[in-house]
Amino acid sequence: MQSKANIINTLTVCYFLIAFFEVIAEYVIAKPLICALKPLITLTLIVIYCLKSKKINKLFIFVLSLSLLTNILFIPNTPQFLFYALIVFSIHRILAIYLIFSLQKIKDFIPIVIATAPFLLIFFYLFMETPDIPEQSYYLLVIQNILISLFAGVSLSSYVMNDNKQNSILLISALLFVMLQFAVFIEKYFLTNEFQELFRPLAMTLNALAFFTFYKYVINAEKSAHNN
């Protein structure tokens with residue numbers, strides 16, 4: 001019988017294999033494969049986390065579940081489903097930030113404000129320069145820009161204030177999420193119906209890497225809390 005470590009390693013390999021085939025499916029626009037593989041990526045990561053964690057965080061499970069739902073809502077690639085996906089992903093982002101705050105035990109908010117400001121400037125500059133943003137998505141995108149900037153700001157300030165393995169992984173995750181946000185925003189609103197054969201596989205690659213890195217951060221944060 002395989003040990004838990006071997007099962008986790010096997011599932012991790014499966015996770016990246018599924019992600020690889022999902023990226024290929026996005027490139028060739030194979031809808032049946034996309035519908036099957038996209039949810040499977042997140043489900044595999046949930047199983048890996050449940051096996052790896054010594055004290056399962058239900059909030060993290062819920063955050064991953066919202067990611068799964070967001071991925072499903074992105075599949076139809078229509079304005080209506082995109083609107084629903086933005087709502088779900090906004091809730092996901094709020095809970096992810098709350099999860100970081102609960103794991104980091106942050107007390108000083110000034111570094112966060114300073115680290116968040118540059119990301120806000122970049123995202124809102126891109127937002128203001130983008131034509132033809134649907135009216136129903138306008139305020140949701142504003143919220144998205146604020147949330148991803150805060151997520152990145154918390155990660156960057158944590159790394160600067162305390163450069164350890166946990167915060168290094170969190171920063172890598174945040175940078176991957178920032179790149180993911182750029183890729184999705186440019187594909188959906190800036191270069192509509194152009195270069196989709198490049199942007200959708202890129203977004204899926206960043207998505208898989210960002211969430212796996214975030215999972216590694218949660219595991220390391222839990223270990224750190226347990227040792228303390």
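Is Cys14 buried or partly exposed, and what is its relative accessible area? Cys14 is partly exposed, at a relative accessible area of 31%, where the class lies between buried (under 20%) and exposed (over 50%), using a 1.4 Å probe and protein chains only.

## Basis of the model

This is a predicted model, in which local features need pLDDT of at least 70 and side-chain atom pairs count only at pLDDT 80 or more, while totals for chains, interfaces and linings use all residues. Residues are numbered from 1 along each chain as its sequence is written, and side-chain values use heavy atoms, leaving out hydrogens and water.

## Cysteines

A search of the whole structure finds zero disulfides, a disulfide being a pair of cysteine sulfur atoms within 2.5 Å. Cys14 is in no disulfide, and its nearest cysteine sulfur, that of Cys50, is 16 Å away. Cys50 is likewise partly exposed, at 32% relative accessibility.

## Salt bridges

Two salt bridges are found in the whole structure, each defined as a side-chain nitrogen of Lys or Arg within 4 Å of a carboxyl oxygen of Asp or Glu. Glu26 pairs with Lys38 at 3.4 Å, N to O; because Glu26 lies in helix H1 and Lys38 in helix H2 (residues 31–52), this pair ties together parts that are twelve residues apart in sequence. Helices here are DSSP runs (H or I, at least four residues), numbered from the N terminus.

Glu26 also meets Arg200 in a salt bridge of 3.8 Å, N to O, and this pair links helix H1 to helix H8 (residues 196–227), 174 residues apart. Glu26 is buried at 4% relative accessible area, Lys38 is buried at 4%, and Arg200 is buried at 13%.

Note on methods
Helices (H or I, at least four residues) and strands (E, at least two) are DSSP runs, numbered from the N terminus.
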